[in-house]
Amino acid sequence: MLRKIFCILLLMCFIFCGCGTKKHANDFKTIKKRGRIIVGVRSDTRPFGYRDINGNLQGFDIDLARSIAKHIFADSGAVEFVPVTAENRMSMLTSEKVDIVIATMSITDQRRMIVDFSQPYYVAGQAILVRNNQNIASIRQLNGRKVIIVYGSTGEMSVRINAPEAIIRGYKDYGLAYKALKRGDADAMIADDTILYNLALDDPTVKILKKRFSKEPYAVAFRKGAASKQLKNAINFQIDFLEHSGELYKMKKKWGIWK
């Protein structure tokens, strides 16, 4: 009986832990064999990832993904884009729906527990967007007021730390969040400054408060573990090349996000 129980437990270990049965021993080799890299990107965060009037994905993160594809395959077109949200981008990665995520994703200690990151390719800062008729000058004044965040972003943590009595209203994407602010469903919206700048670019009825409340280093995300090591090294090499060659600066200037 004990032998039978032991065999059952051992079988369960192989099934649930995947002992010796990992699907991909090396993500880089799997991608090379496939002939394209599958990248999770945003479609609602101009200028990093958005759809143009023809429905095509454009933006800084899109250009970075194409540059990575060119480095790996000598073909910038060897990339497949999969739209993700702030809420589902890590699950899309860990469930192997995408190979990597390039989606305005900042490095945090909590996220490091689930995924690995490349070196940063951009540093944003969180800011607050309000309607012009709102008498709000600082994050502390959000206590007792309704504040909009996007699910899965780091904005909620900033609000809870700096304005613990604020009433948080969450939305799935930045477009919906911005419309809610314009309707008056909340008093303010917090997000990375580059995203807010482009939401409010041609809108004189809103303003961005001057102070920044964090540094948000954007990076490419990978599945955690040894299988991603070669892919991570290849992408870090390309980011480093783009940085030192001046190409990264040109990309930032193209999309109006250089600092």
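This is a predicted model: local features need pLDDT of at least 70, side-chain atom pairs count only at pLDDT 80 or more; totals for chains, interfaces and linings use all residues.
Let me begin with the largest pocket, which holds about 400 Å³ of space and is lined by 20 residues, with T108, Q110, S153, T154 and M157 lying nearest its centre. The elements that each contribute two or more residues to that lining are α4 (89-94), α5 (109-112) and α6 (155-162), and among these α6 gives the most, with six residues. If we sort the lining of the largest pocket by class, we find five nonpolar, nine polar and six charged residues.

Turning to the second largest pocket, we have about 290 Å³ of space, and its lining includes S43, D44, T45 and R46, as well as Y178, K179 and N198. Here the elements giving two or more residues are the strands β2 (44-45) and β3 (49-51), together with the helices α7 (174-183) and α8 (193-199). The classes in this second lining come out as four nonpolar, four polar and four charged.

How much of α3 is buried? Eleven of its 14 residues are, so the helix is largely enclosed by the rest of the structure. The buried residues of α3 include F60, I62, L64 and F73, but also D61, D63 and S67. Following α3 comes A74, whose phi is positive, near 60°.

Notes: Residues are numbered from 1 along each chain as its sequence is written. Side-chain values use heavy atoms; hydrogens and water are left out. On a 1 Å grid over the protein atoms alone, a cavity is a set of points where a 1.4 Å probe fits but cannot get out, and a pocket is an open set with protein on both sides within 12 Å along at least five of seven lines; lining residues have an atom within 4 Å of a point. Grid points are joined across faces, edges and corners, and a volume is the space filled by probe spheres set on the points. Helices (H or I, at least four residues) and strands (E, at least two) are DSSP runs, numbered from the N terminus. Ala, Val, Leu, Ile, Met, Phe, Trp, Tyr, Cys and Pro count as nonpolar, Asp, Glu, Lys and Arg as charged, and the others, Gly among them, as polar. Buried means under 20% relative accessible area, exposed over 50%, partly exposed in between (1.4 Å probe, protein chains only).
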